[in-house]
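Please view the sequence and the model before reading on.

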Amino acid sequence: MQARAAIADGRGTFQLDTIEVSEPIGDEVLVELKAAGICHTDHASLNWKRPLVMGHEGAGLVRAVGPQVRHLQPGDAVVLNWAIPCGACFQCLRGEAALCEESRPAHVMERSDGHAHPAGTIWRGAPLDRSFNLGTLSTLTLVRAGAATPLPANVPLTCACIVGCGVMTGFGSAVNVAKVTPGSSAAIIGCGGVGLNIIQGARLSGARRIIAIDSRQTSLVQARRFGATDTLVPEAADREFERLAQEVRRLTGGRGADYAFEATAVPALAFAPLRLIRDGGMALQVSGINEAVSVPMPWFMWNKIYLAPLYGGCVPGRDFPRIFEHYKRRELMLDELITRTYSLDALGEAMDDMLAGRNAKGVIVF
């Protein structure tokens, strides 16, 4: 059947065009997208050297299921996730489902009929990849059953869609990976969509001091609203982060933060969290920087831990229900993250607003 989709050309631009989406077979699920979040990874996907359906945050309604699907039926509301655990490999069995050795979100997925092409997605007569095997910037998508988690009642699809990546990445980095402890201190560099959810995760974990760091005052106002206790504006000339580290030490009794997170996607800031933590503290580079960067090795000294967590350590069956329960109890803010909604025709404007920092999160509504 036909769908309208945003298709990246692999050379920096995209177009809206019609694609063909097959009926589900095996363990596949056909989903009619109702909302799709926009994040910096979507902009990066414009240059992934091949055409693909854009988007990896989405929520919608099940249209049809393959014969092997048991937990979903047509009409169910679902949120999609891009790291699909198999439940049986080495990593899944040790509780690291986001590192599943069978699920390869950045690679082409084989269909259940054994054909090595994107699952039932055709454009201009040829198979077409879907971003992270999802391709949520489309009116329809065909995914494996493990990518779809049922939504509880009374959770709007507009805020559910952003849980699929941005919320999960930030919240999970604090709760699942860092395991922020009650009474601790945390510093967060970058207060966009992911950073605000790190703040929320730290708040829900009982952190006593949450220090938000951003160059935009509007972002720091948002950070206070989501749970930051203190805010700092970094100085452009402070390239070694010494003054920033002094300020963090001042706010943490002279010691440094127990945890520090980078959520900017700016390569020059990849190792900045190391400067903000105490001896034996934990620094996390959350935004997934891919460029080559260098760092003075002494920044690692005195038992500091540095991690680049994937997807907030997501286990969909555990984490999505927990997030939605926090939301229903009004403990986790989701609606407030969405600065603006757009039509698919306004995707270019949504991208521009994101890059300019005008939005915490923008959402495409179909």
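Which residues have the most contacts inside the largest nonpolar core?

## Basis of the report

The model is predicted, and local features need pLDDT of at least 70, side-chain atom pairs count only at pLDDT 80 or more, and totals for chains, interfaces and linings use all residues. Residues are numbered from 1 along each chain as its sequence is written, and side-chain values use heavy atoms, with hydrogens and water left out.

## The nonpolar cores

Ile-199, Phe-261, Phe-324 and Leu-334 have the most contacts inside the largest nonpolar core, which has 69 residues. A nonpolar core is here a set of buried Ala, Val, Leu, Ile, Met, Phe, Trp, Tyr and Cys residues joined through side-chain atoms within 4.5 Å. Buried stands for under 20% relative accessible area, exposed for over 50%, and partly exposed for values in between (1.4 Å probe, protein chains only). H3 gives the most to this core, namely 11 residues. Helices (H or I, at least four residues) and strands (E, at least two) are DSSP runs, numbered from the N terminus. A second, separate core has 22 residues, among them Ala-187, Leu-232, Leu-251 and Ile-289.

Contact means heavy atoms within 4.5 Å. With neighbours within four places in sequence left aside, Leu-334 is in contact with Cys-159, Ile-162, Val-163, Val-167, Phe-324 and Tyr-327.

## Helix H3

H3 is largely enclosed by the rest of the structure, because 18 of its 21 residues are buried. A kink of about 65° is centred on Val-163 in H3; the bend at a residue is the angle between axes fitted to the seven residues ending there and the seven starting there. Just after H3, Lys-179 has a positive phi of about 55°.

## Helix packing

H3 packs against helix H4 (residues 193-204) at an angle of about 40°, and their axes are 7 Å apart. Axes are lines fitted to C-alpha atoms, for helices over the stretch in contact, and angles run from 0 to 180 degrees between N-to-C directions. H3 and H4 are therefore oblique to each other: angles under 35 degrees count as roughly parallel, over 145 as roughly antiparallel, 65 to 115 as roughly perpendicular and the rest as oblique. Residues of H3 including Gly-166, Val-167 and Phe-171 meet residues of H4 including Val-194, Asn-197 and Ile-198.

H4 also packs with helix H5 (residues 217-226), at an angle of about 25° and with axes 9 Å apart. H4 and H5 are therefore roughly parallel. On the H4 side, the contact is made by Leu-196, Ile-199, Gln-200 and Arg-203, and on the H5 side by Gln-222, Ala-223 and Phe-226.

## Loop residues

Asn-154 lies in the loop between strand E11 (148-150) and helix H3 (157-177). Asn-154 is not a glycine, and its phi is positive, near 70°; its relative accessibility of 73% makes it exposed. Tyr-311, in the loop between strand E17 (305-307) and helix H8 (316-328), also has a positive phi, of about 55°, without being a glycine. Tyr-311 is buried, at 2% relative accessible area.

Arg-50 is placed in the loop between helix H1 (40-44) and strand E4 (52-53) and is partly exposed at 28%. Arg-50 and Gly-10 are 40 residues apart in sequence and 4.4 Å apart in space, C-alpha to C-alpha.
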